[in-house]
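Here is a protein model to look through.

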Amino acid sequence: MSVFLFLFIIMPIAEMAVLIKVGGMIGVLNTVGLVLLTAVIGAWLLRQQGLATLLKANQRLNSGELPAREVAEGLILAVGGALLLTPGFITDTVGFLCLIPGTRHWLAAQALKRMVASGQSRSFYFRAGGGTDPFGQDPFGGRGNPFGRQRPFDRDSDGNIIEGEYRDETETDRDRIEKK
């Protein structure tokens, strides 16, 4: 409850107080111009930093690694971008902190530590045909598959089972060593 009180009551009042104070010091038009300028600079920084984070995540995926840090940084970038588009100097300050790489890396590391420490990383079972898993848990909470009815991968468009044989010809490290 205290988080919602802060976000929806205290924060807007603080933003209005700062905007009124700054408007009294530098003028209304200058204040509005400054708020618009921070939004434009924030959008530019968000685009630049977001593309860099997306490229790093793509590289980690291509190397077979899970891009957990990049996903966390992407969420922090999204929050920072939303804060920069919100009129006000307090939200702009926090938004810029989210876009600065050093601060963003630290925030992402703290978020990942909390997720692992609190055990929020959970896995679930998913079967291509929908339905429940062998342990009696429905991955969609009884609501049905949100992607519509899914055909299992071993059937063609008429519902016929496709049979076949395969041979694993993947060369292992041991096979390569034995050839030499």
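Predicted model: local features only at pLDDT ≥ 70, side-chain atom pairs only at ≥ 80, totals over all residues.

Q: Which helix gives the most to the lining of the largest pocket?
A: The lining residues, which have an atom within 4 Å of a point, are Ala-68, Val-71, Ala-72, Leu-75, Ile-76, Val-79, Ala-111 and Met-115. Helices are DSSP runs (H or I, at least four residues) numbered from the N terminus, and H3 (68-85) and H5 (101-118) each supply at least two residues of this lining. With six residues, the helix that gives the most is H3.

Q: How many nonpolar residues does the lining of the largest pocket have?
A: Ala, Val, Leu, Ile, Met, Phe, Trp, Tyr, Cys and Pro count as nonpolar, Asp, Glu, Lys and Arg as charged, and the others, Gly among them, as polar. The lining of the largest pocket has no polar and no charged residues, and its nonpolar residues number eight.

Q: Which helix supplies the largest share of the lining of the second largest pocket?
A: The second largest pocket holds about 160 Å³ of space. Phe-6, Leu-7, Met-11, Pro-12, Glu-15, Leu-83, Ile-90, Thr-91 and Val-94 line this pocket, and they divide into seven nonpolar, one polar and one charged. H1 (2-26) and H4 (89-99) each supply at least two of the lining residues. The largest share, five residues, comes from H1.

Q: Is H1 parallel or oblique to H2?
A: Axes are lines fitted to C-alpha atoms, for helices over the stretch in contact, and angles run from 0 to 180 degrees between N-to-C directions. The axes of H1 and H2 (residues 28-62) come within 7 Å and cross at roughly 125 degrees. Angles under 35 degrees count as roughly parallel, over 145 as roughly antiparallel, 65 to 115 as roughly perpendicular and the rest as oblique, so H1 is to H2 oblique.

Q: Which residues of H2 meet H1?
A: Contact means heavy atoms within 4.5 Å. On the H1 side the residues are Leu-19, Val-22, Gly-23 and Ile-26. Those they meet in H2 are Val-28, Asn-30, Thr-31, Leu-34 and Val-35.

Q: How are H3 and H4 set relative to each other?
A: Their axes come within 7 Å. The crossing angle of H3 and H4 is roughly 150 degrees. The two helices are therefore roughly antiparallel.

Q: How many charged residues does the contact of H2 with H3 have?
A: The axes of H2 and H3 come within 10 Å and cross at roughly 170 degrees. Residues in this contact include Lys-56 and Arg-60 in H2, and Arg-69, Glu-70 and Glu-73 in H3. By class, the contact has six nonpolar and seven polar residues, and its charged residues number five.

Definitions and conventions
Residues numbered from 1 in each chain as written. Heavy atoms only, no water. 1 Å grid on protein atoms, 1.4 Å probe; cavity = no way out; pocket = protein on both sides within 12 Å on 5 of 7 lines; lining within 4 Å. Points joined across faces, edges and corners; volume = space filled by probe spheres on them.
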